[in-house]
Amino acid sequence: TLVLHNQRFIQWKVTVFYWLAGAAFLVSFWVGKETLAQRSLGSLIPGARIPQALWRRLNGLWVAVAMLMGGLNLLIAFNASEKAWVYFKAIGLPALTFVFMAAQVFWLARQAERAEASSNSREAST
């Protein structure tokens, strides 16, 4: 950016980051014992019994959201003013990421409660 005096490099950097993060979540479907979502969010709900299928679905959501956020960044960068893009990058993207992550934690907590209740009802019936 400084050498070529082109702001587009900085604007693309955000998209590249999100797309690389999305690729990492995608690759984690096949590499490792747990998906990246399970490794990163599993410690937030210790002792929870979340089925592997739910972790895989959540990981897929991270892939989709990362790709979407990268695309949104390009959309704003190329179709809005530089000032609007800076606000979007500094406030909008982190806020969207926080809301998405908070929603996941609440959803995971609810799923953990359901799994625990289901496990307890099975134990009680035997």
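Reader: What does the protein average in pLDDT, and what percentage of the residues score at least 70?

Author: The average pLDDT (the predictor's confidence in each residue, from 0 to 100) is 86, and 86% of the residues score at least 70. This is a predicted model, in which local features need pLDDT of at least 70 and side-chain atom pairs count only at pLDDT 80 or more, while totals for chains, interfaces and linings use all residues. Residues are numbered from 1 along each chain as its sequence is written, and side-chain values use heavy atoms, with hydrogens and water left out.

Reader: Where is confidence lowest, and where highest?

Author: Helix α4 (residues 82-125) is lowest with a mean of 83, whereas helix α3 (residues 52-79) is highest at 93; helices here are DSSP runs of H or I with at least four residues, numbered from the N terminus.

Reader: OK, aromatics next. How many aromatic pairs does a search of the whole structure find?

Author: The search finds five, where rings of Phe, Tyr and Trp (its six-membered ring) pair if their centres lie within 6.5 Å, and planes under 30 degrees apart count as stacked, over 60 as edge-to-face and the rest as tilted. One of them is Phe25 with Trp62, which is stacked because the planes are at 5°, with the ring centres 5.1 Å apart. Since Phe25 lies in helix α1 and Trp62 in helix α3, this pair ties together parts that are 37 residues apart in sequence.

Reader: Are those two buried or exposed?

Author: Phe25 is buried at 10% relative accessibility, and Trp62 is buried as well, at 12%; buried means under 20% relative accessible area, exposed over 50%, and partly exposed in between, with a 1.4 Å probe and protein chains only.

Reader: And which aromatic pair does Trp62 form with Phe100?

Author: Trp62 and Phe100 make an edge-to-face pair, 4.9 Å centre to centre with 75° between the planes. That pair links Trp62 in helix α3 to Phe100 in helix α4, 38 residues apart. Phe100 is itself buried, at 16% relative accessibility, and Phe25, Trp62 and Phe100 form one aromatic cluster.

Reader: Switching topic, what is Ile76 in contact with?

Author: Leaving aside neighbours within four places in sequence, Ile76 is in contact (heavy atoms within 4.5 Å) with Ala84, Trp85 and Phe88. Ile76 lies in helix α3 and counts as partly exposed at 22% relative accessibility, and its C-alpha is 7.7 Å from that of Phe88, which is 12 residues away in sequence.

Reader: And Gln38, where does that sit?

Author: Gln38 is in helix α2 (residues 36-41), buried at a relative accessible area of 13%, and, beyond four places in sequence, in contact with Gln52 and Trp55.

Conventions. Helix = DSSP H or I, 4+ residues; strand = E, 2+ residues; numbered from the N terminus.
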